[in-house]
Amino acid sequence: MESGQQNESLAVRKLKERDPNAITEIISFRSETTLVLPRNRLISVCEFLKADRDLDFAFLSDISAVDRFPVDPRFEVNYHLTSLSRRQRLRIKVKVTAKDPVIPTVVPVWPTANWHEREIWDLMGVRFEGHPNLTRILMPDDWEGHPHRKDYPVEGYR
Amino acid sequence: MSTTVGTPIPAVKPENKTMVLNMGPQHPSTHGVLRVILELDGEVVLKAEPVIGYLHTGIEKNCENLTYSQCIPLTDRIDYLANLSNNLGYCLAVEKLADIQVPKRAQYIRVLLTELTRISSHLVWLGTHAIDLGAMSVFLYCFREREEILKILEAISGQRMMTSYFRIGGLALEPPPGYLEWISKFLDSLAGHVAEYEDLLTENPIWKLRTQGVGVLKLEDAIAMAVSGPSLRGSGSDYDVRKYFPYSSYDEFDFKVQTQTAGDVYARYQVRVAEIRESAKICKQAIKKIPPQGPFRAEVRGLVPPSREEMKTSIEGLIYHFKIWTEGITPPPGEVYQAIESPRGEVGFFVVSDGSNRPYRVKMRAPSFVNLQALPYLVVGKLIADVVASIGTIDIVLGEVDR
């Protein structure tokens, strides 16, 4: 636990050294660290976290989106990074508004992001710019709407 | 049709006119309703595109409209072969969110039962995988032992498959008397049975021909695609959530992470068979550790239901019982990610609370979903006859892929 705390701050320290404006907020909750990033820093931070030998976040466990409707910025996209060599986890969060729900894709950094991003587009309606094949994955191709949005009813007609 | 994976999969140039073949969704060896669009040049696969979503039931969306404990039965249905693993993952996530400490006795019983589930899931995998490749009798033997595990689970939880036995804060009820003796008797017989399966397969020349060098997944591809579980360990990594990020007292157990380096179907078979033995070892340690008496649920006012006796005898207990079962629990606002090692890999639950009695968002990181994405790496450039072996070897459960 102790060393985890130290090394997590290592990631924060390295990122701040690199670019003082890279992190807008650091959240610690139940010994998990979340870094909130501005959208335009996402790719450079991800590339850095993956390539840096001391951090080595080569394994992207999961990407998930949360709809904070009616709050704006409405969508939060969370990236759960795992470092296998350091045995650590880190969450990165990017917030986007309802008017412009677009995020650059991380598929070039972690190829596994492909299906996660397609799922988020399908269910939440957040677009990933530069994605190689951004189509619906779980819902039928001709489906209208994005079912995991909070303003989408659970049952009955849309 | 573009392929669904981002990094270059070895492109194979067609020499002849190609054919597009639709495999599934009603194909017996896709283990559910998986559809794969295959582009073929003669017998060589040029492209493979998994198409999923046929079983999508919106479980994550449903969870947002249920109280925290009402979500537990839904987690059974995600991966119906390893339901207790999913129960555990979800319960641990909510316990982390609400900061509940589970008593040691309940933690050990959880370890014992999830390892039993791992054995039963691997047995189903072994049996169905063998039948896919033409070894009929292994299936019958594997299901014989799995049946015994299901009987044990029924005696403990009342249900064969959809157990929902782990609850937030501990277990649903006290296990029946004599369950430890029953499980240890089963484990004693299991060693001989595993040797029996190995007699049928490990040195079998047909089995080796159909599995060795087939469906090779390189370690760097596996990590780039975030493949986890036995599929990753067959490629040489020793990533196992039980060792890397221990939960539910796994750090107190002595076990080895089973790995192979070949990365082919045979290597993954060896990993899973070795894991059956390893899980049996963990179960035996757990049986020794579980104290005969003690609480099976945490005692936290307002978050965990009071014991039956307390509910019947004290007015305070009755009030809390009533409040928990009508209103539910209200963890503080926040978000947690809790991963566990299911038989298929890293199951992660990302639970977001807004302070109300319902989870604001539940996202499940399904290992089958992620592992299936790596399928093109296993089959592109290989023969179509090996596609079935490659689908079977990544051990997908479509309920988990589609959620």
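This report walks through a helix pair, a chain contact and a nonpolar core in a predicted model.

## Ground rules

Residues are numbered from 1 along each chain as written, while chains are lettered from A and ligands numbered from 1 in the order written. As the model is predicted, local features need pLDDT of at least 70 and side-chain atom pairs pLDDT 80 or more, whereas totals for chains, interfaces and linings use all residues.

## A helix pair in chain B

Let's start with α5 (residues 136-157) and α6 (residues 179-201) of chain B, whose axes come within 10 Å and cross at roughly 170 degrees. Axes here are lines fitted to C-alpha atoms over the stretch in contact, with angles from 0 to 180 degrees between N-to-C directions. Helices are DSSP runs of H or I with at least four residues, and strands are E runs of at least two, numbered from the N terminus.

Among the residues that meet are Tyr141(B) and Glu145(B) from α5(B), with Trp182(B) and Phe186(B) from α6(B). Contact means C-beta atoms, placed from the backbone, within 7 Å.

## Where the chains touch

Chain B brings 37 residues to the contact and chain A brings 30 residues. On the side of chain B, the largest share, 5 residues, comes from β6(B).

## The nonpolar core

Which residues touch the most other members of the largest nonpolar core? They are Val94(B) and Val351(B), in a core of 150 residues. Such a core joins buried Ala, Val, Leu, Ile, Met, Phe, Trp, Tyr and Cys residues through C-beta atoms within 7 Å; buried means 20 or more other C-beta atoms within 10 Å of the residue's own. Helix α4 (residues 104-132) of chain B gives the largest share, 12 residues.

Beyond its neighbours within four places in sequence, Val94(B) is in contact with Tyr68(B), Ile168(B), Pro331(B) and Val351(B).

Methods
Two residues are in contact if their C-beta atoms, placed from the backbone, lie within 7 Å. A residue is buried if 20 or more other C-beta atoms lie within 10 Å of its own, exposed if 12 or fewer, and partly exposed in between; C-beta atoms are placed from the backbone.
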